[in-house]
Amino acid sequence: MLSQLRSIWEILKHSVSKLDTVQYPEQKPYLAPRYRGRIVLTRDPDGEERCVACNLCAAVCPVDCIALQKDTREDGTWYPEFFRINFSRCIMCGMCEEACPTYAIQLTPDFEMCEYDRQNMVYEKENLLINGVGKYPDYNFYRVSGMQTAFKDKGQAQNEAEPIDTKSLLP
Amino acid sequence: MIIFVDGQEIEVKQGENVLEACLNAGLDLPYFCWHPAMGSIGSCRQCALVQYQNPEDTRGRIVMGCMTQVTDGARFSLNAQNATEFREAVVESLMLNHPHDCPVCAEGGECHLQDMTVMVGHRDRRYTGKKNTHRNQYLGPLIQHEMNRCITCYRCERYYRDYAGGSDLGAQASRDHVYFGRHQEGVLESEFSGNLVEVCPTGVFTDKPFLKHYSRKWDLQSAPSICSGCGVGCNISPGERYGKLKRVHNRYNHEVNGYFLCDRGRFGSGYINSDQRLDYSGLKGAGLKSADATFAAVHQSQAIETAAGWLQGKKVLGIGSPRASLESNYLLRELVGRSNFSSGFSDAEAAVVRSIINIQKTTVATNPTIKQMESADAILILGEDITNTAPRVALALRQALRNKSFELAEQLGLPEWQDAAVRNLAQDQLSPMVIVSAMDSRLDDVASQLISLSPAAIADFSCAVTASLQGQESDDKRVQQVANMLSAAKRPLIISGSSMLSANIVDSAACLAEALQAHKQAAQEVMLSFCVPEANSMGLGLLVNEDKRPLRLSRLAKKIDTVDAVLILENDLERRLSQSELDLIFSGKTRVISMDLLENNTLARSDLVLPVASYAESQGTLVNAESRAQRHYPVFEPAAERLCSWQWLLQLAAVMEHKKLAGIAHFDQIVEACSKSQPIFADLTAVAPDHSFRDRGLKVPRQTHRYSGRTAINADVSVHEPPQPTDCETPLAYSMEGLNRDQPASLIPYVWSPGWNSNQSLQKFQAEVNGPLKGALKHSGAGQRLIKSTQQGLEYKLKVTHPRMQKGRWQLLPMHRVHGSEELSAYTDEIAELAAQAFVALGETVAEKLGVAEGEMVVVSTADQEISLQVKVLSRVAKNCVGFSVGYDKTKSLRAGDSVALRRDKSWQPPQVIATDRGVASNGC
């Protein structure tokens with residue numbers, strides 16, 4: 001008897017409690033910035049592409065959905081001539097973001113990627129590049145390290161000494 | 001002999017060092033400065049392990065593996081705590097100044113430094129001070145320099161100076177200021193500079209052309225291949241991605257190229273990506289017969305039908321090619337009929353190659369591998385600039401000259417791998433090497449004696465040495481000296497070749513070797529080796545060697561009017577025939593069908609052109625100078641409508657319903673038919689496994705197990721992934737699936753082993769350090785020697801023909817250049833840049849007489865033409881001889897042995913010197 005009454009009480013209680021179901025898509029749920037959704041390529045604080053075409057994202061990708069080709073700019077920096085992600089294969093695992101040494105590739109909280117035509121799930125560099133720094137506002141790989149470029153001479157990266165004069169006899 | 005490493009018993013060879021012993025046993029002992037071909041100097045301190053005095057000793061002491069010789073029962077520990085800590089500390093100190101630029105370093109992913117750092121477990125940097133930086137140098141179009149990455153292992157300097165004999169790269173400054181570079185920026189002079197890329201354990205020296213369209217090692221699709229740059233037949237491993245040939249790496253073959261390639265072999269394949277490659281078949285407009293008529297692109301099937309229509313039931317001649325595979329040449333010969341097949345050699349080339357083959361078939365002397373040449377203790381070079389005609393052999397000769405130092409070392413009980421000590425002991429003492437040639441050669445710097453003679457005089461000289469060995473006195477002191485040198489040696493090497501296009505020199509070298517062998521009796525080994533002009537000269541020569549009356553190319557030109565069509569296989573006739581002979585072939589009514597890969601004038605004048613695949617897109621057998629048949633496999637599928645030349649010929653035969661070739665549809669069937677066609681080709685089927693080869697049920701994979709982008713590479717075209725191309729012709733698959741471990745040596749596409757991503761992983765494929773590959777022991781070696789000498793000896797009555805020279809005229813002699821003389825590699829941008837201008841080479845006195853200096857122009861006039869060429873002044877040259885650069889566009893029409901007049905080009909003006917912001921540069925030349 002008591003248990004039946006308790007069951008009725010529990011049921012009645014639910015008729016006034018807050019709903020767990022969200023009316024998506026009218027209502028959008030909160031997704032954390034670290035959520036693993038659509039992949040973007042970000043730019044450094046100077047507005048240049050961050051990607052240096054090191055190929056680590058492609059290597060680490062478990063479904064092999066990233067393909068790119070390295071090229072060199074006139075200033076000596078590396079960049080991807082093309083950068084392609086086949087989102088119809090992507091499993092949003094985030095390994096590419098983890099592997100990226102320059103914070104270029106980042107996953108975003110956007111997961112709404114529906115297409116009638118699968119071909120539209122293939123994103124090229126121009127579809128992936130955003131005009132922003134993403135989650136890491138300050139980082140610029142070439143200012144920290146990397147080779148000599150037109151805008152950074154030898155010895156001007158972080159923690160670098162002036163180039164050695166091999167002809168000097170000073171101790 | 002046995003040593004103990006961490007309690008494990010290891011069988012070792014007497015005299016080797018502990019590092020070698022550990023690597024041979026499959027243990028992972030990190031190292032940097034040691035290199036299997038260059039021995040130990042103990043400078044990097046990385047291969048440290050603990051040695052114990054006896055079983056009771058528990059403390060031990062740290063020793064360097066590469067500097068410690070094994071002794072019976074010695075006890076070592078690799079895993080002792082102080083050894084592992086020591087090795088980690090060494091890497092940490094080497095990494096102090098190493099920049100954080102792996103993402104933008106071309107070595108990344110195949111970096112020995114990365115591998116070793118991971119292997120010793122060094123993870124976090126504790127050093128927070130400033131890192132040293134260095135200025136880079138421009139080292140030419142082939143090598144990129146990034147000094148910041150250096151860990152001062154000294155491998156580059158030891159390779160470049162000590163091993164390859166270069167003089168313009170070395171160490172500068174001291175302590176943590178050490179710098180490796182040239183005294184000033186400039187193109188590296190050595191023909192072997194490309195090996196720095198593989199020798200450097202990190203990214204200081206990287207492959208510059210590769211950097212332009214770079215891909216990581218794990219992304220390259222590779223296949224075992226053979227270099228087509230010259231007749232040496234070095235084994236290479238080309239890598240492809242996105243349909244482009246990206247780079248060529250060395251593929252180890254302990255009997256041929258070992259660890260090293262020349263720059264032509266490594267960098268000369270850029271032509272495969274050239275815009276001048278033929279993509280589609282071209283048919284000249286309706287019956288037009290002028291050189292400028294344009295081609296209409298036609299479909300494969302239409303091209304085949306047109307060609308078959310021209311050939312079927314007609315009288316047809318075929319022209320083969322020394323740069324096409326044996327199979328293609330064989331098919332063409334069968335297709336047109338043996339008596340209608342011309343080898344495609346020029347008449348002079350054909351005679352020399354024929355001589356070389358006949359000598360190799362009968363000589364009592366040994367026909368050495370490159371590895372064997374390295375053991376020679378006296379060398380005589382007759383008429384050949386080996387560094388330019390067979391570069392890899394020259395590198396081996398430089399090592400052979402060190403046998404003197406090994407002799408001295410042996411007397412002191414010093415092992416050969418004690419590199420610094422052995423070099424110190426010998427100082428500049430070298431084994432004797434005499435070069436008898438018409439002009440400067442790139443080995444002059446290490447020769448004990450230089451003799452400058454014209455080609456006919458070289459043959460005479462060699463005959464005189466022969467006579468001297470047989471007991472005749474000679475007036476010439478040099479003859480006696482050379483005879484003494486050869487008879488005193490234990491393993492003398494006589495080396496000559498075809499570059500002078502003189503069968504006399506070749507025959508005289510053989511006579512000399514015979515006499516020397518007779519003089520020495522059977523006890524000692526006399527080695528006799530020849531350089532041949534092209535990758536498959538020997539294969540083609542063997543194919544037509546039994547012919548009683550081979551169809552010479554010049555005779556073919558003369559009888560062209562009697563036939564209906566000519567089928568040319570990968571041969572630019574302009575390089576071999578005179579203008580008038582070419583006119584005979586192309587301006588008559590005869591239909592000309594050409595198969596080739598790059599645009600040239602022969603193609604432009606043909607009626608139908610068929611695009612063929614390069615060596616990297618096709619399979620075939622090439623026979624090298626020592627008659628070793630080796631097979632190359634396609635690295636990637638040919639693009640557009642290109643086909644392998646044997647595929648074109650098979651399709652033609654099928655449409656023509658050719659009786660003799662009926663039933664042949666696959667590559668392996670051609671090989672089988674060819675092997676049965678002549679006894680000399682009997683071993684052709686054993687050159688490499690056929691297409692049915694499976695390793696544990698799978699074909700050998702061309703791709704690495706970490707080949708990336710599989711589902712995205714073609715996604716721009718269609719998101720529906722196409723199946724991988726199937727390959728039913730070879731034992732390799734366009735796939736990541738399969739094992740790349742201990743398959744036959746001829747089927748190793750690339751080297752990789754867990755923990756060893758760099759090319760140093762090769763030691764996991766070798767049976768022992770510097771030894772054969774494991775696969776070569778388990779299965780067959782890479783390649784098969786076709787000629788087995790009957791050892792009957794030769795009976796030559798040599799009659800040397802001397803050209804008659806008029807006064808005021810000079811004999812024109814060919815000078816081969818590593819960069820520029822070879823037909824296909826010259827289409828590569830970087831090689832073209834290094835090849836620079838065609839030249840005529842004069843002795844100092846001639847230059848003085850003409851009033852010209854180096855870089856100025858001279859008009860060379862032959863019987864029917866005048867060509868203005870840049871002057872190069874030689875330090876030594878035979879009387880009445882001048883040299884010219886072979887194979888350059890401008891000198892294509894010059895022939896060896898032509899008698900020419902010379903005069904200063906009065907119309908030539910010195911180039912204006914203009915100042916640029918980078919200093920003074922000269923404009924024009």
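Trainee: Is B:Arg45 buried, exposed or partly exposed?

Mentor: B:Arg45, at 38% relative accessibility, is partly exposed. A caution on reading: this is a predicted model, where local features need pLDDT of at least 70, side-chain atom pairs count only at pLDDT 80 or more, and totals for chains, interfaces and linings use all residues. Residues are numbered from 1 along each chain as written, chains are lettered from A and ligands numbered from 1 in written order, and side-chain values use heavy atoms, without hydrogens and water.

Trainee: Where is B:Arg45 found?

Mentor: Helices (H or I, at least four residues) and strands (E, at least two) are DSSP runs, numbered from the N terminus. B:Arg45 sits in the chain B loop between helix H1 (18–24) and strand E3 (48–52).

Trainee: What is the phi of B:Tyr154?

Mentor: Positive, about 70°, although B:Tyr154 is not a glycine. B:Tyr154 is in the loop between strand E7 (143–145) and helix H4 (155–163) of chain B. At 28% relative accessibility, B:Tyr154 is partly exposed.

Trainee: Is the peptide bond from A:Tyr24 to A:Pro25 cis or trans?

Mentor: Cis, with omega near 5°. A:Pro25 lies in the chain A loop between H1 and strand E1 (39–41).

Conventions
Buried < 20%, exposed > 50% of the residue type's maximum accessible area, 1.4 Å probe, protein only.
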